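Here are my notes for you, point by point. Keep the picture open next to them while you read.

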Amino acid sequence: PAAAAPTVTITGTLGAGPFTLNWTPNGSENAANWVVQWRDSGGVWRHAILDTAKRTYALPGSGATAPTQAAVAAVDRCGNMSTRPVLSLLAPTPTPT
């Protein structure tokens with residue numbers, strides 16, 4: 001089985017950025033690499049492949065160019081990728097009263 005997905009936290013202002021992703025590994029199998037994915041303001045998914053020692057990544061863009069979604073996955077030494085829950089970076093829509 002693939003390495004377990006990490007626990008991810010986000011710092012930054014939802015809907016505006018800039019954003020930094022921070023993560024903590026889970027499970028007993030060590031990740032060989034991390035894959036950070038984000039959806040830019042134009043709707044294009046981008047990615048960065050990071051060394052196992054990294055635990056933080058600053059996403060590019062803020063304001064009108066702020067990313068709208070992000071995810072982090074663990075990749076084991078055989079290339080198997082963990083699940084990668086997608087996190088919304090958009091500001092919550094107010095509920096009409």
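**Notes on the sheet and its surroundings**

1. Let's start at one spot: R39 stands opposite Q69 in β6.

2. A word on what you're looking at. This is a predicted model, where local features need pLDDT of at least 70 and side-chain atom pairs count only at pLDDT 80 or more, while totals for chains, interfaces and linings use all residues. Residues are numbered from 1 along each chain as its sequence is written, and side-chain values use heavy atoms, with hydrogens and water left out.

3. Now the overall layout. The protein chain has zero helices and seven strands (a helix would be a DSSP run of H or I with at least four residues). Its C-alpha trace spans about 50 × 30 × 20 Å along the principal axes.

4. Which order do the strands of the open sheet take? Four strands line up as β4-β3-β6-β7, with antiparallel pairing. The edges are β4 (45-51) and β7 (87-88), each of which pairs on one side only. Two strands count as paired if DSSP finds at least two bridges between them. As background, strands of a sheet pair through backbone hydrogen bonds, either parallel or antiparallel.

5. Go through the pairs one by one.

6. Is β6 mostly buried or exposed? Six of its seven residues are buried, so β6 is largely enclosed by the rest of the structure. Here buried means under 20% relative accessible area, exposed means over 50%, and partly exposed is in between (1.4 Å probe, protein chains only). Across the protein chain, buried residues make up 30% of the 97 residues.

7. Next, the inside. The largest nonpolar core has 17 residues, and W23, V36, Y57 and L59 have the most contacts inside it. Such a core is a set of buried Ala, Val, Leu, Ile, Met, Phe, Trp, Tyr and Cys residues joined through side-chain atoms within 4.5 Å. At least two core residues come from each of β2 (20-24), β3, β4 and β6 (69-75).

8. Have a look at Y57. Leaving out residues up to four places away in sequence, Y57 touches F19, T20, L21, W23, V36, W38, A48 and L50. A contact means heavy atoms within 4.5 Å. Of the contacts in the protein chain with a separation of 6 or more, 51% are between residues 24 or more positions apart.

9. How many salt bridges does a search of the whole structure find? There is one: the side chains of R46 and D40 meet at 3.0 Å, N to O. The term needs a side-chain nitrogen of Lys or Arg within 4 Å of a carboxyl oxygen of Asp or Glu. R46 is partly exposed, at 40% relative accessible area, whereas D40 counts as buried at 16%.

10. Finally, find D76 in the loop between β6 and β7. D76 is buried yet has no salt bridge, and R77, the nearest side chain of opposite charge, is 7.1 Å away (Lys and Arg count as positive, Asp and Glu as negative; His and the chain ends are not counted). A polar atom of the D76 side chain does lie 2.9 Å from the backbone nitrogen of C78.

Conventions:
Polar contact = N/O pair within 3.5 Å; in protein donor to acceptor, adjacent residues only side chain to side chain.
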